[in-house]
Amino acid sequence: MMLLRLLAIVTIVCGIALPAAADGVDHASAPSARPEPTQTLQIRAGGSGPVSHRLLLPLHKAAIIELLEDSRDVLVSSPDIVDAVVRTPRRIYVVGLKVGQSNAFFFNAGGKQLLNLEIVVERDLGALRELIDRSIPGADVKVEMVNDNVILTGSVRSTVDSDAAKEIAIRYVTESTQPLRKDAIVNRIAIRGGEQVMVRVRVAEMQRTLSKQLGVDMSAAFDIGKNFPIALASSNPFSLLGQALSQNQHFQIGSLAKGNSVEGMVRALERTGLIRTLAEPNLTAISGESAKFLAGGEFPVPVSRDRDGNVQIEFKPFGVGLGFTPVVLSEGRISLKISTEVSEITGENAFVSQGGTVIDSNNNVITVPGITIPGLRVRRAETTVELPSGGSMVMAGLLQQSMKQNIDGIPGLKNVPILGALFQSRDFQSGETELVVIVTPYLVEATSPDDLASPTDGFSPPSDAETILLSCLNATYGPKGHGQPKGALKGPIGFIVQ
């Protein structure tokens, strides 16, 4: 009996323990309270996962996406920029609709992410590069796109080529129904060609003048009967020049009759003149920039008077002036907007003020002397020309002939044949002018100072003995027959022209 009870207890204990051991958990060592499981939130940004790819999609073009598994869901972040067309579960087409950025996610039926595609839609710059290279020979232009804006870099031969590349890019990024997008182009193209332009202008003028004057002055006094004297006088002016060429040269005949007198004075004068003018200004400027040059001076011109009678003056320039704006069009082609002037002070057309009196603020009478304002004789030309480097062109020319003649005399008597010459004076003037303005541009580069010469190189002032005894204005340059010293002027000087 005791044995049966012992076996029953062992059986019950073993039946309870065996299932517990089968679980593989040591319940004796386990804690009394099991903790709750921890919740984990996984965040994976687009483009950072193991199935992320980046796609550069040209505008208005499509790309084919081939998947290794069947997809069920496709999510596009910006449908207005990129459109996705599902043809089969494993083949999807993406089309670039507008310039910008977007991304697309692809999931299978179980929600697993198959692909994360980062898409950048840009214009096809390859076609633009080919168009620029084909339209501009020798151009090395690089094209980049930033937010539908084009950045042009690289180098071309001239400013015209740079402007042409920019114009092509503007047309390329502008839709046919939109206005030109000039602000969408950033032009950073460098110019390879020389941009320094030197302009040489020659103004050559010859003037020939001829003046002739012939006048007869007559005076007579005689009596007719008793107590009936008669006096005649004729003194005709030279009205063309305003005065005789010389008041001291004349031929005079005195009294011819006793009791009566007849006097005559003949003035026959002639003047010829020749004027030669040669000006050759030279000036250098960078392409696209303006430059001015003036060799001369300024003279005062009265413009007004204040309340106290003080004369207000303004200075006017005169001399040899040159101004130009060069633009290098291509290799060796230069466009010039140029103006040149040669002016000098002259007494012709001068303004003479007789002066007068004014009353100042203290009621004092102030006498203002007369003022003579000289005139200017000006030869000026302004134009735009296009020339090759080193080529010359006559930008202005003048051939002028003028003739003036006045005859002054006593009406009626001056028309009498032969004898009428005794009662008239003739004033004749003629002039001929030949003027030519020649312009020559050069593309120039900087050079070493040792290669340049100035008019003062080699000059040496004389000693007191050389000046007083030999009347020398400069010292002798070495022994005779040994040539000029180093640095002396030789041939054309002043510029290195290439």
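## Strands and the model

A strand here is a DSSP run of E with at least two residues, numbered from the N terminus. Keep in mind that this is a predicted model.

Let's start with the open sheet. Its 3 strands come in the order β2-β5-β4, and the pairing is antiparallel. On the edges sit β2 (62–66) and β4 (82–88), each of which pairs on one side only. Going from one strand to the next, the twist averages 25°.

Now for the pairing of β2 with β5. Strand β5 covers residues 91–96 and runs antiparallel to β2, with 5 bridges joining the two. Within this part of the sheet, E66 stands opposite R91 in β5.

## The largest pocket

Over to the largest pocket, which has a volume of about 1,000 Å³. Its lining counts 33 residues, and the ones closest to the centre are Q207, T209, E348, R377 and Q429.

Which strands each supply at least two residues of that lining? They are β12 (196–223), β15 (261–279), β19 (333–353), β22 (371–388), β23 (393–409) and β24 (424–444). Of these, β24 gives the most to the lining, with 6 residues.

## What the lining is made of

Definitions and conventions:
Residues are numbered from 1 along each chain as its sequence is written. This is a predicted model: local features need pLDDT of at least 70, side-chain atom pairs count only at pLDDT 80 or more; totals for chains, interfaces and linings use all residues. Side-chain values use heavy atoms; hydrogens and water are left out. Two strands pair if DSSP finds at least two bridges between them. Helices (H or I, at least four residues) and strands (E, at least two) are DSSP runs, numbered from the N terminus. Axes are lines fitted to C-alpha atoms, for helices over the stretch in contact, and angles run from 0 to 180 degrees between N-to-C directions. On a 1 Å grid over the protein atoms alone, a cavity is a set of points where a 1.4 Å probe fits but cannot get out, and a pocket is an open set with protein on both sides within 12 Å along at least five of seven lines; lining residues have an atom within 4 Å of a point. Grid points are joined across faces, edges and corners, and a volume is the space filled by probe spheres set on the points.
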